[in-house]
Amino acid sequence: MKAWIGRIEGEEWVMPIHGETAGKGKAFFLKCSPIMLGDSDFLFVRLRRFHALDDKPFTPENLEAADWHYVDEDGEDLSNENFINDCSCEVCRKAIKV
């Protein structure tokens with residue numbers, strides 16, 4: 001499963017997401033988003049590939065190994081220790097059940 005970093009055009013927040021294709025990644029981004037998004041927002045979803053986490057769940061350890069962090073308002077890296085995985089794909093669900 002391909003990993004992506006998704007965002008809504010014009011927004012500052014991002015979310016790691018999995019999807020077999022870019023279109024499926026966008027659809028899954030809308031489905032898993034922690035904020036309410038409508039079907040029309042599909043046109044404004046932007047994805048960037050995140051090759052380091054293909055077929056790997058978004059866990060704090062995997063994000064750390066890929067050297068990826070959310071950043072604060074000042075551009076400083078935030079700790080992945082409290083990362084919340086909003087992706088509910090099969091790869092991420094399996095990691096939660098372990």
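1. Asp-55 sits in the loop that runs between strand 3 and helix 2 (60-65). Helices here are DSSP runs of H or I with at least four residues, strands are runs of E with at least two, and both are numbered from the N terminus. The phi of Asp-55 is near 60°, a positive value in a residue other than glycine. Asp-55 counts as exposed because its relative accessibility is 53%; the classes are buried under 20% relative accessible area, exposed over 50% and partly exposed in between, with a 1.4 Å probe and protein chains only.

2. A note on the basis of these values. The model is predicted, so local features need pLDDT of at least 70 and side-chain atom pairs count only at pLDDT 80 or more, while totals for chains, interfaces and linings use all residues. Residues are numbered from 1 along each chain as its sequence is written, and side-chain values use heavy atoms, with hydrogens and water left out.

3. Asp-67 also calls for a check of its backbone. Its phi is positive, about 55°, although Asp-67 is not a glycine. Most residues other than glycine have a negative phi. Asp-67 is placed in the loop between helix 2 and helix 3 (90-97), and its relative accessibility of 62% makes it exposed.

4. How many salt bridges does a search of the whole structure find? The search finds four, a salt bridge being a side-chain nitrogen of Lys or Arg within 4 Å of a carboxyl oxygen of Asp or Glu. Side chains of opposite charge can pair when their charged atoms come close. One of the salt bridges joins Asp-54 to Arg-49, at 2.8 Å from N to O. Asp-54 is partly exposed, given its relative accessible area of 21%, and Arg-49 is partly exposed at 24%.

5. Helix 3 holds another pair. Glu-90 forms a salt bridge with Lys-94, and their closest N and O atoms are 3.2 Å apart. Both residues belong to helix 3 and are four residues apart, about one turn of the helix. Glu-90 is partly exposed because its relative accessibility is 46%, whereas Lys-94, with a relative accessible area of 52%, is exposed.

6. Ile-96 lies in helix 3 as well. Is this residue buried or exposed? Ile-96 is exposed, since its relative accessible area is 65%. From Ile-96 to Leu-78 the C-alpha distance is 22 Å, for a sequence separation of 18 residues.

7. Lys-24 and Glu-20 make a further salt bridge, with 3.4 Å between the closest N and O atoms. Lys-24 counts as partly exposed because its relative accessibility is 48%.

8. The loop between helix 1 (22-32) and strand 3 (45-49) includes Phe-42. Phe-42, Leu-43 and Phe-44 form a nonpolar patch on the surface, and together they have about 290 Å² of accessible area. Patches are made of residues with over 30% relative accessible area and no salt bridge, like charges being joined within 9 Å and nonpolar side chains (Val, Leu, Ile, Met, Phe, Trp, Tyr) within 5 Å. The areas come from the Shrake-Rupley method with a 1.4 Å probe, and for residues only the protein chains shown count as cover. Phe-42 is partly exposed, at 30% relative accessibility.

9. Ile-35 is in the loop between helix 1 and strand 3. With a relative accessibility of 42%, Ile-35 is partly exposed.

10. The largest pocket contains about 330 Å³ of space. A pocket is an open set of points on a 1 Å grid over the protein atoms alone, where a 1.4 Å probe fits, with protein on both sides within 12 Å along at least five of seven lines; lining residues have an atom within 4 Å of a point. The lining has 15 residues, and Glu-12, Tyr-70, Val-71, Asp-72 and Leu-78 lie nearest the centre of the pocket. By class, eight of the lining residues are nonpolar, four polar and three charged.

11. Gly-6, in strand 1 (residues 2-8), is buried because its relative accessibility is 0%. Arg-46, in strand 3, is partly exposed at 32% relative accessibility.

Key:
Grid points are joined across faces, edges and corners, and a volume is the space filled by probe spheres set on the points. Ala, Val, Leu, Ile, Met, Phe, Trp, Tyr, Cys and Pro count as nonpolar, Asp, Glu, Lys and Arg as charged, and the others, Gly among them, as polar.
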